[in-house]
Amino acid sequence: MAAALRKVDHSGLKTGQAITIVLLLIGFVLNSVPLVAIVAVAQFLAAIDSPYAPYRLIYQRIVKPSGLIKPHVINDNPEPHRFAMGIGAIFNAVATVLLLLGAATPAWVLVWIVIALANLNFWINFCAGCWVYYQLNKLGLPGFTQSPIPES
Amino acid sequence: MIERLIAALFLMASGVIAYRLMIGWQIKQTTALAATDPLLGGLKPGVPTILYFTTPTCIPCRTQQTPALKRLQEELGEAVQVVKVDATEQPDAAQRWGVFSAPTTFVLDGNGATLAVNHGVAEADKLRQQLGATA
């Protein structure tokens, strides 16, 4: 059963996507394994809704108070976005391991998939992870409890 | 490092160029399609149209795109007509129009020529501006 409607600040999500894109691009250019690992950890903490998730802290403590970006709070389910973050975290974690093992090409392919999907989400609001979540919800998979929100 | 920077710039630029080429191709294809497409069959001739593809699982459609279109219709009245299509109910239509994500909006002039394609949410101001090209 779906929970009551909740609010999600999409400016916070966009901030996370922008940071992910920038850090992974810098990571690729500098060939930096730690940067990919840092993004994986940040995405993992966001996925488990940790109060110490760096993206959340950066948005709430720096971006939002600065007034540079206005909050964009809308009715939404947070779970699909967290699931999408989790998928990104897995991709980046696997990429980190592959980089440490010396398998650079498949590792950077994974990183570029994350960059591409984060760009899609940032620029045209297409959240591939959310789409997968709702497909799994439709299939009745345990854990994927949130249905699409009703028409407002 | 310079090589990797160039590779990153190349990949990013390739993505942007591919997207722009796709939009151009989609505008050309849908302009040819609009004259005979059954989706636009019952519309008033000479009035600009927004063809809006949505899906039941599209959250931005419900929270942003639909309200933006309602607002635009309230403002413009009969000067614009909006056709809403559920891409899951009409997958053939979505395929014909080359829709791969929701929301997608096609802005058509009074003659059915495609003026703009928006992948993702298009705010009312943007749609008004795109429609303004017909004036």
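Rings of Phe, Tyr and Trp (its six-membered ring) form a pair if their centres lie within 6.5 Å; planes under 30 degrees apart count as stacked, over 60 as edge-to-face and the rest as tilted. The model is predicted: local features need pLDDT of at least 70, side-chain atom pairs count only at pLDDT 80 or more, and totals for chains, interfaces and linings use all residues. Residues are numbered from 1 along each chain as its sequence is written, and side-chain values use heavy atoms, with hydrogens and water left out.

**Exercise 1.** Determine how many aromatic pairs the rule gives over all chains, and classify the pair of Phe83(A) and Phe144(A).

*Solution.* The count over all chains is 9 aromatic pairs. For Phe83(A) and Phe144(A), the ring centres are 5.3 Å apart and the planes stand at 85 degrees, so the pair is edge-to-face. Phe83(A) lies in helix α4 of chain A and Phe144(A) in the segment after α6 (128-138) of chain A, 61 residues apart.

**Exercise 2.** Compare the span of helix α4 of chain A with its expected span.

*Solution.* Helix α4 (residues 78-100; helices are DSSP runs of H or I, at least four residues) has 23 residues. The expected span is 1.5 Å times one less than the number of residues. From first C-alpha to last, the helix reaches 33 Å, close to the expected 33 Å.

**Exercise 3.** Describe the contact of chain A with chain B.

*Solution.* With contact taken as heavy atoms within 4.5 Å, 22 residues from chain A and 22 residues from chain B take part. The rule for salt bridges (a side-chain nitrogen of Lys or Arg within 4 Å of a carboxyl oxygen of Asp or Glu) finds 0 across the interface.

Notes
Chains are lettered from A and ligands numbered from 1 in the order in which they are written. Helices (H or I, at least four residues) and strands (E, at least two) are DSSP runs, numbered from the N terminus.
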